[in-house]
Amino acid sequence: MKMGSEAKEQPSMRLIVSCLITGAAVVAGFSLLYLAPNCSSLGLGLGSLQWRKKKKKPVRVYMDGCFDMMHYGHCNALRQARALGDQLVVGVVSDAEITVNKGPPVTPLHERMIMVNAVKWVDEVIPDAPYAITEDFMKKLFDEYNIDYIIHGDDPCVLPDGTDAYALAKKAGRYKQIKRTEGVSSTDIVGRMLLCVRERSVSDSHNHSSLQRQFSHGHNQKLEDGGSGSGTRVSHFLPTSRRIVQFSNGKGPGPDARIVYIDGAFDLFHAGHVEILRIARGLGDFLLVGIHNDQTVSAKRGTHRPIMNLHERSLSVLACRYVDEVIIGAPWEVSKDMDDNLKGIALHMLHRVHRACPWACCSDRQLQPGHPAKSVTTFNISLVVHGTVAENNDFEKESDNPYAVPISMGIFKVLESPLDITTTTIIRRIVANHEAYQKRNEKKAASEKKYYEGKTFLSDD
C-alpha cells in the first residue's frame, strides 16, 4: 500500500516542482526586464540577453524641384512630403537642366541650395539633381540613398517631349502624391515683377491702385481695365489659421533664453535673408523676427512694394529653421512704447493662432506705422541686430532712427551680411533678362491654367 501511494504521489510532486521552476524563471525574467535599463552598471549587456528589439528602419522619402524664387508654396510641399516619411531628402535641379526644360533660373544653384537647406522639414539635400527621374538615378536613390518613396505634387510635370517626368517612379510603385499649394508659384511671382516693370513705365497720370494693393488683394489692374495683361495670376493666397499652425514651431522661449530680435520686410525671401537669420540665431537661444506690414513697406520702399504680401512673407520666414517666432506686422520703430505693450500683443497673437484667425492681430488699427506693438523688455530681448546689406542702411542718419532705443540701451549690433543680395537684386535679375522670363512665363501660365481647370480635391494635411 505504501509503495503504491508513493507511486501516485510522484507525478504530483513532479508537477509541483515543474511549476516552481517555471515560476522562478518568470520572476527572474521580469526581474531582468526591470533591471535592463541599468544593465550597464551591473555588467549585463542587453545584447547578451538577446532582448534588444531591432530598431525600426526610418522611412526615407525623396522630393526634387527647381526651387527657383523659393516661396512658401515650395515650403508647404516639403512639409507635406516630410509628413509621408521619417526623413526627407531633397534633390535640387541644376541650372543647366532648368534652362533646357523651363528657361533660365532667376536664382543660381548655390543660392537655391542655401534656401532648401534652411527649410526646417528638410533632412538632406542632393545638388545637381536631374529634372527627370531616369532609370539610373532612380536606382541610385533606392540603393545609395535608401529612398523608399518618390514624392511630387498633384500638378503635372511634363518633359519637353511630352512624357511624364515621374513615369518610372510610378511604374515601380514607389511614387506618392501631395497637394500643390494653390495661389502661388514661381511663375506667378515673376509675373508680379514683370507687371511691376510695365506699370512703372506707365505715366503716373494714369490713375490706378498701387501694385502693392493689387498684390495684397489679388487684383490685376490691366486685366480688370480690359487691358491685355500677361494672364499671370496675381496673389490669390487665402490665409488660414490651420496653415500658420502647420508652419509654427509652437514653442516660446525658455525662462533664461537669450532672445535676439531682427526685423525687416523679408520680401521675395531669398538666400541673403536666410544667411543673416542664420548668423542672428547663432547669437542667442531664440530668434524673434519682426515682419513689417504692407503699408509700412510701401511707405518706405515705394508704391510697387512689397511684391509678396504680409501673409505670404510671414509664412516664408516661419518655414526657416533658424526662426523661432515671428511678429506679424511689426512696427518700423523699436520704441520705448514697445516695452509696455509687447507682452499683451504677443500673447494675443499666439492665442489667436490656436483658437481663431492668426492674422487677427494684424488688423489695420494695429498695423498702422508707428503703432506701439512689441517690447524689448517684456520679451527680455538681449540683442537687436541688423545686417550690413539691406535695402536702406542710412537709418543712423535719419532723424527717426528706428533703432535709436536699442542703441541707447547698448543692445544693438550690426552684423556682417554673408551675401550681397537684396530684394532689389532679385528684381534686377528679372529686368535684365526680361524677354526670356516673359516667354518662360507665357509657357508656364498655360500649363498652370490647365492644372486649375482640371484639379480635384486632395488633402494637404
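Two strands count as paired here if DSSP finds at least two bridges between them. Keep that in mind for this tour of a predicted model.

**Stop one: β9.** Select residues 381-387, strand β9. Of its 7 residues, 6 are buried, so the rest of the structure largely encloses this strand. Next, show strand β10, residues 412-415. β10 also pairs with β9 in the parallel sense, over 4 bridges. Centre on V384. Y261 stands opposite V384, and in β10 the bridge partner of V384 is F412.

**Stop two: the five-stranded sheet.** Colour the strands in the order β3-β2-β1-β4-β5. They form an open sheet of 5 strands with parallel pairing. β3 and β5 (175-178) are the edges, each pairing on one side only. On average, neighbouring strands are turned by 30° against each other, direction ignored. Zoom in on β2, residues 87-93: 4 bridges join β2 to β3. Find G91 there, opposite I126 in β3.

**Stop three: helices on the sheet.** Select α4, residues 72-83. α4 packs on the sheet and touches β1, β2, β4 and β5. Its direction makes about 140° with that of β2. Then select α6, residues 109-117, which lies across β2 and β3. α6 runs at about 165° to β2.

**Stop four: α7.** Select residues 135-143 and show side chains. F137, M138, L141 and F142 are buried. Which exposed residues does the face turned away from the buried side carry? E135, D136 and K139.

Terms used: Residues numbered from 1 in each chain as written. Predicted model: local features only at pLDDT ≥ 70, side-chain atom pairs only at ≥ 80, totals over all residues. Heavy atoms only, no water. Buried < 20%, exposed > 50% of the residue type's maximum accessible area, 1.4 Å probe, protein only. Helix = DSSP H or I, 4+ residues; strand = E, 2+ residues; numbered from the N terminus. Axes fitted to C-alpha atoms, helices over the stretch in contact; angles between N-to-C directions. Contact = heavy atoms within 4.5 Å.
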